[in-house]
Every structure is written in C-alpha cells, then in structure tokens.
Amino acid sequence: MSDQAIMEKEAHYISGWLALFLWLLALAGVIWLFIGSVLRHGEPPVLAVLGILLLGFLAKGFVILQPNIAGVLIFFGRYSGTIREGGFFWYNPFSKRQNISLRVVNLNTPTLKVNDMAGNPIEVAAVIAWRVNDTAKASFEVDNYASFLAIQGESAIRAVTSTRFYDGDQHGRNSLRGDLVAVAQMLSETIQSHVELAGLEIIEAKITHLAYAPEIASAMLRRQQAAAVIAARQLIVEGAVGMVKMALDKLQVEGVVTLSDADRVHLTSNLLTVLVSESETQPVLSVSRS
C-alpha cells in the first residue's frame, strides 16, 4: 500500500436481480446435470458437485444494503471500492465487505473543565452532529473513526473556549456566553479541521452546557450581582441629576420661586436624596418668595 492517502471510489458491482437470474439459471443447469447423471449412471458427476460448490461460493457476493448504509469492499488486502447505493447487488465474492453507516449521528461530549482566556475555570459540554463523508478514509486512515471524533472533539472544545472570555472582556466582546452563534460556528470549523483526516463531516456543533466551575461559581455570582448593582446605581444617578437640573431650570424660567445659591444647594441635595434613596424620605425645603 502506498503512503498516499486513500480516497473513496465506486466499487465494481452489478444489479443483484440480474445476478440472481443468471445464478438461478446456472443452478437449474447443475441440478439437471446432477439428476440426469444419477438416473443414468447411479452416481452424481464430479462436474455437478463442483458446480454446486461454485454456485454456493458465488452466492456470497449477494448483498442487500439499506439507504445510507455503504459497503466498503476489500480485495485481498486492498481497497477496491465502495457501494453507496441502497438496494440489492452482487459483487466479487472474493472481496471482504465492511458496512459503514452514512447517517447523521449525535455525539454528546462529557462536561469538561477548561480555563477561559482570563484563566477562570469553567465547565463546558457540547453536542456534535456528524456523519461519514469518505468511507475509505474512515475505514483505513484511522483505527476507530467514532473514537477518533470523540477525542478530537474534546480537543477542539478546549481550543475554542480557551480563546474567549466567559462573559467577555471589559467591553463585553469575545464572549462565550453572549455570542453562542459565533462560538458554534468556530467550534464546527475547528472540529472539522481536526477530523478531516478521518473522512468525517461535521454538520453542526453547539454548546449545551456552560458554567463557572463550582470552586469559583459563588464568587463570580457575587461579582455579577455587584456589577449589576453598580450599573443600576449609575443609571439612577444619571437620571436623578437630569431631573434635578430640569426642575431647577423650570423653576428659574417660570419664576415660581427665587432661589439663592444656598437654596439651590439645599434643593439639589433634597431632590437627589428623594430620587436616589431606596427608602421613603421627607425633605424640608427652605425657600423665599419674591
């Protein structure tokens, strides 16, 4: 066998119905010869016995293949071709046949502990939809293509997740949790590049489980809660400042009251207290009418 990679090719075969018709004709001839010799000479002829043995061997070449089941033929240790069609066929009986499924299969990876780009330990699992695309490579380039895919899939998951942050960087970019579509695309392409040697096609790969590792999950939850509180406070303060400015401007423009600098300070302080405080407040305003 040469060092060049084996590529899939079509095997030599014929319709099983045609071969069965010819085989039955030959069988009828052998039976007629056998019976005629017994009637005339009282013993079966050697030719008839050899014919029966030969027909029994030729019957080994009949095969029925279901849809999306391929038959890989090996002729004296060499790959001779693949039958990809479903149906009833006859092939060279000297060949050895190995059936390979061409149907789509789902692989659920185990939950892996991986460090993201920031070094935080996370747990991740994925589901990979795949099928055999090249039966020759799947049969002869790797020992067990299903096991090969499982190992390479785990390797690809580790490679992809380690290049991204769980929640994104300081600007929220390059996130695992927030950009699952891009992660799935990258994961599919990475696994495909890893299993190309085995003649496999990756239909789809998606993250099914993504979480911080238990040892840091509680700390990260508190961090997320603190970040949410800070963000909410910033929004409340920005809104309160805008409302105070609008109130002061409206009082000034409509001449409702005349506020001194000290009154403006007290009013601003009281309004911010009312707007920002989480509990009920009762401010006392000291103003002078014009």
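**Close-ups of salt bridges and a hairpin**

Lys206 has a relative accessible area of 42%, so this residue is partly exposed; that term covers values between buried (under 20%) and exposed (over 50%), using a 1.4 Å probe and protein chains only. This is a predicted model, where local features need pLDDT of at least 70 and side-chain atom pairs pLDDT 80 or more, while totals for chains, interfaces and linings use all residues. Residues are numbered from 1 along each chain as its sequence is written, and side-chain values use heavy atoms, without hydrogens and water.

**View A. Lys206 pairs with Glu204.** Their closest N and O atoms are 3.4 Å apart in a salt bridge (a side-chain nitrogen of Lys or Arg within 4 Å of a carboxyl oxygen of Asp or Glu). Glu204 is partly exposed too, at 39%.

**View B. Glu8 meets Arg84 in a salt bridge.** Here the N to O distance is 2.4 Å. Glu8 lies in the segment before β1 and Arg84 in the loop between β4 and β5, so the pair ties together parts 76 residues apart in sequence. Strands are DSSP runs of E with at least two residues, and helices are runs of H or I with at least four, numbered from the N terminus.

**View C. Strands β8 and β9 form a hairpin.** The strands run antiparallel, joined by 4 bridges; pairing takes at least two DSSP bridges. Val114 stands opposite Ile122. Take a look at Gly119 in the turn, with its positive phi of about 90 degrees.
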